[in-house]
Amino acid sequence: MNTSSTPIAGRCTLVGAGPGDPELLTVKAVKAIQAATVLLVDDLVSEEILAYARPDARIVHVGKRGGCKSTPQAFIERLMITAVREGETVVRLKGGDPFIFGRGGEEVEHLREAGIECAVVNGITAGLAAVTSLGVPLTHRDHAQGVVFVTGHAKTGAGAQEDPTDWRALAAMAHNARLTLVIYMGVAGARHIERELLYGLSGDTPVAVVQHATLPHQRHIATTLDGLQARIAEAGLASPAVIVVGDVLRGLAAAALPADADRFGT
Ligand code: SAH
């Protein structure tokens, strides 16, 4: 429903830029980027991807690196709405997949409230690419019957609990239903996550942490659940990284031979 009297002139597309490697963009994403007159770009989107944009396109960096700490979400949405009403072809470029964390869902809702329907182009989500980059399948008949993508940094503040993720319940479920856990935004809270997951999973459950997945400077560690926080600290891993927990990783540490140590960061 268009609640505004202003007619909608332009178009808006939320585009998943994938985990980092420009070759992991979809053809649809490249076409949308090439058609855009205005691009609103998140931090985790690499410059090589922006090379697909038209030379006269207006590129606005709205992530933390753009200037101040981080552009407020409401401001980004206002920019999108204004540009669409001015007749621009707007692309909102988001890391990974637009609908896996990263607030893509909220953006679509808020634009809809302003009478603007956004198209959405999937991207390869970081958790998927990170695990594949290690040569590990997220599911494998012998080890896992499913996978859970979960945030380690759930919404806090008014109306939300401090830590709404019930890690103990998740651990029990992962154990009983044989699920792989892929934890986004979890590195800063790894100590807490490790402690809580140990209520339902054994200390020798394989764990990997992958930073900058699919980029030339990718690093990872392979360890066990009871060594998660210690190994993250030792290796100095930080955001952006995903933590992967589950038996699909069995054999990864053994496979990382000394000759691979640099490449794998182990
Ligand atoms: N929509 C994105 C996720 C946004 S939340 C997606 O689908 O991938 C941001 C988090 O994603 C980061 O904190 C990190 O946990 C993860 N992430 C994004 N890019 C990553 C990368 N190249 N390597 C590892 N983790 C990444």
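Met185 sits in the loop between β7 and α7. In this predicted model, the phi of Met185 is near 55 degrees, a positive value in a residue other than glycine. Met185 counts as partly exposed, because its relative accessibility of 42% falls between the 20% and 50% cut-offs. The chain around it has 10 helices and 10 strands. Of its 266 residues, 48% count as buried.

**Backbone features in loops**

- Arg178 also has a positive phi, of about 55 degrees, although it is not a glycine.
- Arg178 belongs to the loop between α6 and β7.
- With 30% relative accessibility, Arg178 counts as partly exposed.
- Gly135 follows α5 and has a positive phi near 75 degrees.
- The peptide bond from Ser239 to Pro240 is cis, with omega near 0 degrees.
- Pro240 lies in the loop between α8 and β10.

**Largest nonpolar core**

- This core holds 25 residues. Leu181, Ile183, Leu197, Val209, Ile232, Ile243 and Val245 touch the most other members.
- At least two residues each come from β6 (146–151), α6, β7, α7 (190–197), β8 (206–211), α8 (228–235) and β10 (241–245).
- Helix α6 gives the largest share of this core, 4 residues.
- Leu181 is in contact with Val148, Leu170, Ala174, Leu197, Leu201, Ile243, Val244 and Val245, leaving aside neighbours within four places in sequence.
- Another core, of 18 residues, lies apart from the largest one. Its members include Val15, Val30, Ile33 and Leu93.

**Val245 in strand β10**

- Val245 lies in strand β10.
- Val245 is buried, because its relative accessible area of 1% is under the 20% cut-off.
- Not counting residues up to four places away in sequence, Val245 touches Leu179, Thr180, Leu181, Ile183, Leu197, Leu201, Thr205, Pro206 and Val207.
- Val245 and Val182 are 63 residues apart in sequence, yet 6.6 Å apart in space, C-alpha to C-alpha.
- Across the chain, take contacts between residues at least 6 apart in sequence: 69% of them join residues at least 24 apart.

**Helix α5**

- Helix α5 covers residues 126–133. Gly127, Ala129, Ala130 and Val131 are buried there.
- The cover over the buried residues of α5 includes β7, β8 and β10.

**Second largest pocket**

- The second largest pocket has a volume of about 210 Å³.
- It is lined by 16 residues. Ala174, His175, Leu201, Thr205 and Asp247 are the closest to its centre.
- The elements that give two or more residues to this lining are α6 (167–177) and β7 (179–184).
- Strand β7 provides the largest share of the lining, 3 residues.
- By type, the lining residues divide into 6 nonpolar, 6 polar and 4 charged.

**Cysteines**

- The whole structure contains 0 disulfides.
- Cys12 counts as buried, at 4% relative accessibility.
- Cys118 is buried as well, with a relative accessible area of 12%.
- Both values are under 20%, so each of these cysteines meets the cut-off for buried.

Terms used:
Residues numbered from 1 in each chain as written. Predicted model: local features only at pLDDT ≥ 70, side-chain atom pairs only at ≥ 80, totals over all residues. Heavy atoms only, no water. 1 Å grid on protein atoms, 1.4 Å probe; cavity = no way out; pocket = protein on both sides within 12 Å on 5 of 7 lines; lining within 4 Å. Points joined across faces, edges and corners; volume = space filled by probe spheres on them. Nonpolar A, V, L, I, M, F, W, Y, C, P; charged D, E, K, R; others polar. Core = buried A, V, L, I, M, F, W, Y, C linked by side-chain atoms within 4.5 Å. Buried < 20%, exposed > 50% of the residue type's maximum accessible area, 1.4 Å probe, protein only. Contact = heavy atoms within 4.5 Å. Disulfide = S-S within 2.5 Å.
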